[in-house]
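Keep the 3D view open and look for each part as we come to it.

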Amino acid sequence: MSQKITPNNITKLKKKEVFVFGSNMNGEHIGGAARLALDEFGAINGQAKGLQGSTYAIPTLNYNMQKIALPDLATFVQEFIEFAKNETKFNFLVTEIGCGIAGFTHAEIAPIFKNALGIKNIYLPQAFVDVISAPVLTPGFKGFGLDMKCRDFQYEFGKSYEMDGKPEACAKGFHYCEHPLDVFNYYPPACSRFAEVTGEGETSKETGGDSKVAVSKIHIGAEISIASLTKAAVKFVFDRAKYSETPTDKATGYQG
């Protein structure tokens with residue numbers, strides 16, 4: 001699907017073009033793209049969001065001039081997308097909102113605009129499109145026999161492999177585990193080798209199973225020791241743990 005790209009260094013607008021910029025909840029357009037919107041394209045001081053002149057404001061800073069919460073920003077962006085879809089007479093030129101004075105990264109902001117891809121009258125910055133279109137890499141761990149074979153397929157460290165068609169967990173595709181210690185369900189530690197891997201492309205997970213994943217493309221990284229697998233397992237758990245100062249009745253028995 002072809003995506004229209006916002007021009008760099010916009011100084012003038014064509015008829016029916018709308019300059020989409022990042023604002024603050026006070027509606028004070030005092031710097032960066034917001035100041036350009038005010039000085040050149042009809043933005044209105046005191047108006048924090050929405051259409052104003054030949055501009056559309058999306059708040060990226062709160063009333064205290066601090067970063068707005070990403071879920072709130074996502075709501076404002078979705079409001080903009082719905083507005084643009086209904087206002088087909090305009091072409092909306094989205095700037096790199098939030099990535100200047102507000103201090104967000106492209107990696108934080110770009111995914112919020114994913115629903116705008118392919119909408120004919122929404123132009124996106126190339127930097128946003130690059131992030132949205134980048135392949136999703138999912139890290140994990142894979143076991144092999146001592147000969148580096150898995151299901152009679154020969155692997156090598158540092159190599160990538162790709163298949164045609166759609167993967168199916170336990171039936172078709174390249175398999176690995178997201179939880180480091182789940183590899184021992186398939187390859188015992190005493191007579192196996194293990195590697196860090198990254199999966200890419202289509203994925204398939206077994207319903208009700210462990211963390212095993214089937215993918216259409218896999219990269220076999222460095223070999224990993226049993227000790228390193230254990231350390232990775234601890235990190236895997238703590239990265240997903242939610243701290244609470246209050247007791248919970250759900251942490252009982254083997255559920256703790």
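In this predicted model, the largest nonpolar core has 29 residues. Those with the most contacts inside this core are Ile58, Leu73, Phe80, Phe113 and Ile122. In soluble globular proteins, nonpolar side chains tend to be buried together.

**The cores**

- If you set aside neighbours within four places in sequence, Leu73 is in contact with Ile58, Pro59, Thr60, Ile68, Phe104, Ile109 and Ile112.
- Another core, of 22 residues, lies apart from this one, and Met148, Tyr161, Cys177 and Ala195 are among its members.

**Strand S3 and its partners**

- Strand S3 (residues 55-61) has 7 of its 7 residues buried, so the rest of the structure largely encloses S3.
- Strand S1 (residues 17-24) runs parallel to S3 and is joined to S3 by 6 bridges; here Phe21 has Ala57 as its bridge partner.
- Strand S2 (residues 50-52) runs antiparallel to S3, with 3 bridges joining them; in this pairing Gly50 stands opposite Ala57.
- S2 and S3 form a hairpin with 2 residues between them, and Gly53 in the turn has a positive phi of about 65°.

**Helix H4**

- In helix H4 (residues 126-133), the buried residues are Phe128, Val129 and Ile132.
- These residues are on the same side of H4, because they cover an arc of only 95° around the axis.
- Helix H3 (106-109) is included in what covers the buried residues of H4.

**Salt bridges**

- Side chains of opposite charge can pair when their charged atoms come close, and the structure holds 8 salt bridges.
- One of them joins Glu79 and Lys49, whose closest N and O atoms are 3.5 Å apart. This pair links distant parts of the chain, 30 residues apart: Glu79 is in helix H2, and Lys49 is in the loop between helix H1 (32-40) and S2.
- Glu79 is partly exposed, at 36% relative accessible area, and Lys49 is partly exposed too, at 39%.
- Glu223 pairs with Arg193, the closest N and O atoms being 2.9 Å apart.
- Asp239 and Lys235 form a salt bridge with their closest N and O atoms 2.7 Å apart. They are 4 residues apart in helix H5 (residues 226-240), which means about one helical turn separates them.

Note on methods:
Residues numbered from 1 in each chain as written. Predicted model: local features only at pLDDT ≥ 70, side-chain atom pairs only at ≥ 80, totals over all residues. Heavy atoms only, no water. Buried < 20%, exposed > 50% of the residue type's maximum accessible area, 1.4 Å probe, protein only. Arc of directions from axis to C-beta. Contact = heavy atoms within 4.5 Å. Pairing = 2+ DSSP bridges. Core = buried A, V, L, I, M, F, W, Y, C linked by side-chain atoms within 4.5 Å. Salt bridge = Lys/Arg side-chain N within 4 Å of Asp/Glu carboxyl O.
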